[in-house]
Amino acid sequence: MAHGAGCLCGQVRISIDAEPLTARMCWCRLCQYLGGGSGTVNVCFPSDKLMTTGEVRWHESEADSGTMMRRGFCPECGTPLFSIAESRAHLIFIRAGALDDPDLLGPQAVIWAGAAPHWAHLDPELPHFPAQIPPVA
């Protein structure tokens, strides 16, 4: 079953021909920037099952884990869409808010909980990890 995603203005559309592998809420400092102060919820898919239409602008930076990351945004409206770790290019993380169905898969773990601000709400039903955890695949 294909899943869809896209940006706020509709310039970028994403089609994913796979089921999600996992979803995590991330509180690393970079995700706090991407989330406008909150953490981000990121849903993992095999990157070879994703197709995009429309222009995507990429930003490269080093994650808190030391991993080099590429993050894709809509150049028109600025919506953060996805991220790819250079060391795990076979996986892509779509921001849950960009999914047409944000209920597709909720977070299964909270990562970088040690970097969350004191006011952050960390779901007590989920396992919490102070930093990064091993990749899903």
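This is a predicted model: local features need pLDDT of at least 70, side-chain atom pairs count only at pLDDT 80 or more; totals for chains, interfaces and linings use all residues.
Strands of a sheet pair through backbone hydrogen bonds, either parallel or antiparallel. Strand 3, residues 22–26, and strand 4 pair in the antiparallel sense over five bridges, and Cys-26 has Thr-40, in strand 4, as its bridge partner.

In soluble globular proteins, nonpolar side chains tend to be buried together. The largest nonpolar core of this model has 20 residues, and those with the most contacts inside it are Ile-14, Ile-16 and Ile-94. At least two residues of this core come from each of strand 2, strand 4, strand 8 (80–85) and strand 9, with strand 8 giving the most, three residues. Around Ile-16, when neighbours within four places in sequence are left aside, the contacts are with Met-1, Ala-2, His-3, Phe-45, Lys-49, Leu-50, Ile-94 and Leu-99.

His-3, one of the contacts of Ile-16, lies in strand 1, which spans residues 3–6. Because its relative accessible area is 11%, below the 20% cut-off, His-3 counts as buried. Its side chain is joined to that of Glu-19 by a polar contact of 3.1 Å. Not counting residues up to four places away in sequence, His-3 touches Ile-14, Ser-15, Ile-16, Ala-18, Glu-19, Pro-20, Phe-45 and Leu-104, and Ile-14 and Ile-16 in that list are also among the residues with the most contacts inside the largest core.

The charged side chains come next. Side chains of opposite charge can pair when their charged atoms come close. How many salt bridges does a search of the whole structure find? There are three of them. In one, the side chains of Asp-100 and Arg-13 meet at 2.7 Å, N to O. This pair links distant parts of the chain, 87 residues apart, with Asp-100 in the loop between strand 9 (91–95) and strand 10 (109–111) and Arg-13 in strand 2 (residues 13–16). Asp-100 counts as partly exposed because its relative accessibility is 48%, and Arg-13, at 34%, also counts as partly exposed.

Another salt bridge is formed by Arg-70 and Glu-60, whose side chains meet at 3.7 Å, N to O. Here Arg-70 belongs to strand 7 (residues 68–73) and Glu-60 to strand 6 (residues 57–62), and the two are 10 residues apart. Both partners are partly exposed, Arg-70 at 28% relative accessibility and Glu-60 at 48%. A further salt bridge joins Arg-57 to Glu-55, with the closest N and O atoms 3.7 Å apart. Arg-57 is partly exposed, with a relative accessible area of 47%, and Glu-55 counts as partly exposed at 45% relative accessibility.

What does the side chain of Ser-47 reach at 2.6 Å? At that distance lies the backbone oxygen of Ala-89, and Ala-89 is also one of the residues that Ser-47 touches, together with His-90, Leu-91 and Ile-92, when residues up to four places away in sequence are not counted. Ser-47 and Ile-84 are 37 residues apart in sequence, while their C-alpha atoms are 8.5 Å apart in space. With 22% relative accessibility, Ser-47 counts as partly exposed, because the range for buried residues lies under 20%.

The last stop concerns the backbone. Most residues other than glycine have a negative phi, and most peptide bonds are trans. Trp-112, although it is not a glycine, has a positive phi of about 55°. Its place is in the segment after strand 10, and at 15% relative accessibility Trp-112 counts as buried.

Note on methods. Residues are numbered from 1 along each chain as its sequence is written. Side-chain values use heavy atoms; hydrogens and water are left out. Buried means under 20% relative accessible area, exposed over 50%, partly exposed in between (1.4 Å probe, protein chains only). Contact means heavy atoms within 4.5 Å. A polar contact is a pair of N or O atoms within 3.5 Å; within protein, one must be able to donate a hydrogen and the other to accept it, and residues adjacent in sequence count only if both atoms are side-chain atoms. A salt bridge is a side-chain nitrogen of Lys or Arg within 4 Å of a carboxyl oxygen of Asp or Glu. Helices (H or I, at least four residues) and strands (E, at least two) are DSSP runs, numbered from the N terminus. A nonpolar core is a set of buried Ala, Val, Leu, Ile, Met, Phe, Trp, Tyr and Cys residues joined through side-chain atoms within 4.5 Å. Two strands pair if DSSP finds at least two bridges between them.
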